[in-house]
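This report describes one protein model, region by region. The sequence and the structure come first, and the text follows.

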Amino acid sequence: MRGLALLVLFAVGALAGNPAETRKRIRESLFVTDPLPPLEAVVHGRFEPEPGVIAERVTYATQYGLRVPAILYMPKARRGRIPALIVVNGHGGDKYSWYAFYSGVLYARGGAAVLTYDPAGEGERNAERRSGTRAHDRIERDRTLGRRLGGLMMIDVMQAVSYLLQRPEVDGSRIGAMGYSMGSFVLSIAGAVETRLHACVLAGGGNLDGPGQYWDNSKPMCQGYPYQSLQFLGDRPAVIYSLHARRGPTLIINGLKDNILQPQRQEPRSFFEDLKRRVNVPGKVLDTSYDPEGGHRPYFVTRAAALWLERHLNLPNWTEESIRRMPETHMIEWSKTNGVETDPGYATELSEGGTRALGTGVPGLTREQLSVFGAAEWQRNRDRMILESWVQHAHRAPADR
């Protein structure tokens, strides 16, 4: 056993010691092209979700020339270039999800640009323009197609970075991303290869584990097959987070009662401490934060995450002191008051409904406000966005490597 442990440590050290080659192999395993697709960004309109915050309806290209519909939130008044954040949604989430637009308004108040977009198969990338469908779970269970889907989700994140870098308002050295649940998995891999990201927050996940454990056996098309394809890394969590450490700071923030953390058969805090010890970058380790009574929640809307982001991105309108003084909003009550629908599976006190989000008075934005296209225009552009179009292209793509 000792010999095997030394062999694993040697493999981790060898791969993490050659980060450029390791990133290249991860990208190749998930069919992430280099270079990325031409961006071809378009602004389709704007609105003001509240005084002092503007929001733009935008699209840009992803894999195979398909389009990603997104909303970009920004403070109306700016002094110089500002930091930016990307919201990577959970399973069934999209730019219409409460935590996506809440993050947009909240961090725009703090002086940042915030980009939220529809993942493959959700929102305006859904064939029926619906949300919460988990449509990618219903496509055929093919390992290569699953790897390609994992790569598409990574490309979506990387194209979001490209979009923010070409915005004149954004400071390209202060771009961060925040992933929740499935989004934490996507961002854990994307954040290992996307060196243009400065800071990553992984909420409701980040607990990458070993062979045959939770993430290998989770939703196969968006998580299981992509994660299994990275077994060549050896100790996958240690290598992936070693690449994160070389890129910049990463916060993993979870509730200790989150059922995603339970399958490890190890107390979550000790699990992450052990993972930190295996990260092969001296002096640079993951930051972790825990809510002892919380479950599965998008913790990047909380005070703890905002304090961490302020330290690493320097949010122009806030200080650590002002963040500590801000009141909080209980999301169950906010949802009822503002008529905001929450996925019924997550509307409980233990899960998203129990979130104590930073700030008060964030408006409940409507589906009409958050749509890039009206119904007729969406119908004309439908085939350039929906999951089914991507599947057709993926089947015609070059054979497995």
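## Asparagine 314 and helix H9

Asparagine 314 is partly exposed, at 47% relative accessibility; buried means under 20% relative accessible area, exposed over 50%, and partly exposed in between, with a 1.4 Å probe and protein chains only. Asparagine 314 belongs to the loop between helix H9 (303–313) and helix H10 (320–325). Helices (H or I, at least four residues) and strands (E, at least two) are DSSP runs, numbered from the N terminus. Just after H9, asparagine 314 has a positive phi of about 55 degrees. Most residues other than glycine have a negative phi, and most peptide bonds are trans.

The model is predicted: local features need pLDDT of at least 70, side-chain atom pairs count only at pLDDT 80 or more, and totals for chains, interfaces and linings use all residues. Residues are numbered from 1 along each chain as its sequence is written, and side-chain values use heavy atoms, with hydrogens and water left out. H9 itself is largely enclosed by the rest of the structure, because eight of its eleven residues are buried. The buried residues of H9 are Arg303, Ala305, Ala306, Leu307, Trp308, Leu309, Glu310 and Leu313.

## The loop between H2 and S1

Two backbone features fall in this loop. Phenylalanine 31 sits between H2 and S1 and has a phi near 60 degrees, a positive value in a residue other than glycine. Phenylalanine 31 is buried, at 3% relative accessibility.

Proline 35 is also placed in the loop between helix H2 (19–29) and S1. The peptide bond that joins aspartate 34 and proline 35 is cis, with omega about 10 degrees.

## Overall dimensions

The protein contains 14 helices and eleven strands. Its radius of gyration is 20 Å, close to the 21 Å that the globule rule gives for 401 residues, so the protein is as compact as a globular protein of that length. The radius is taken over C-alpha atoms, and the rule is 2.2 Å times the number of residues to the power 0.38. Along the principal axes, the C-alpha atoms fill a box of roughly 60 × 50 × 40 Å.

Of the 401 residues, 62% count as buried. The protein exposes about 15,500 Å², of which carbon and sulfur atoms supply 51%; areas come from the Shrake-Rupley method with a 1.4 Å probe, and for residues only the protein chains shown count as cover. Among contacts (heavy atoms within 4.5 Å) between residues at least 6 apart in sequence, 73% join residues at least 24 apart.

## The sheet

Nine strands form an open sheet with mixed pairing, in the order S1-S2-S3-S5-S4-S6-S7-S8-S9. Two strands pair if DSSP finds at least two bridges between them. From one strand to the next, the twist averages 20 degrees.

Strand S2 (residues 53–61) pairs with strand S3 (residues 67–75) in the antiparallel sense, over nine bridges. Valine 53 has proline 75 in S3 as its bridge partner. Helix H7 (residues 236–247) lies across strand S7 (199–203) and strand S8 (250–255), at about 140 degrees to S7; axes are lines fitted to C-alpha atoms, for helices over the stretch in contact, and angles run from 0 to 180 degrees between N-to-C directions.

## Nonpolar cores

A nonpolar core is a set of buried Ala, Val, Leu, Ile, Met, Phe, Trp, Tyr and Cys residues joined through side-chain atoms within 4.5 Å. The largest has 75 residues, and those with the most contacts inside it are Tyr60, Ile86, Leu115, Leu149, Leu164 and Trp390. Helix H4 (residues 143–165) gives the most to this core, with twelve residues. A second, separate core of 47 residues includes Leu106, Leu309, Trp334 and Val340.

Leaving out residues up to four places away in sequence, the contacts of leucine 115 include Val58, Tyr60, Leu85, Ile86 and Leu164.

Alanine 108, in helix H3 (residues 98–109), is buried at 1% relative accessible area. Beyond four places in sequence, alanine 108 touches Val53, Tyr73, Met74, Pro75, Ser103, Val114 and Asn317.

Serine 371 lies in the loop between helix H12 (367–370) and helix H13 (375–381) and is buried, with a relative accessible area of 9%. Apart from neighbours within four places in sequence, serine 371 is in contact with Arg57, Lys95, Tyr96, Glu124 and Arg129.
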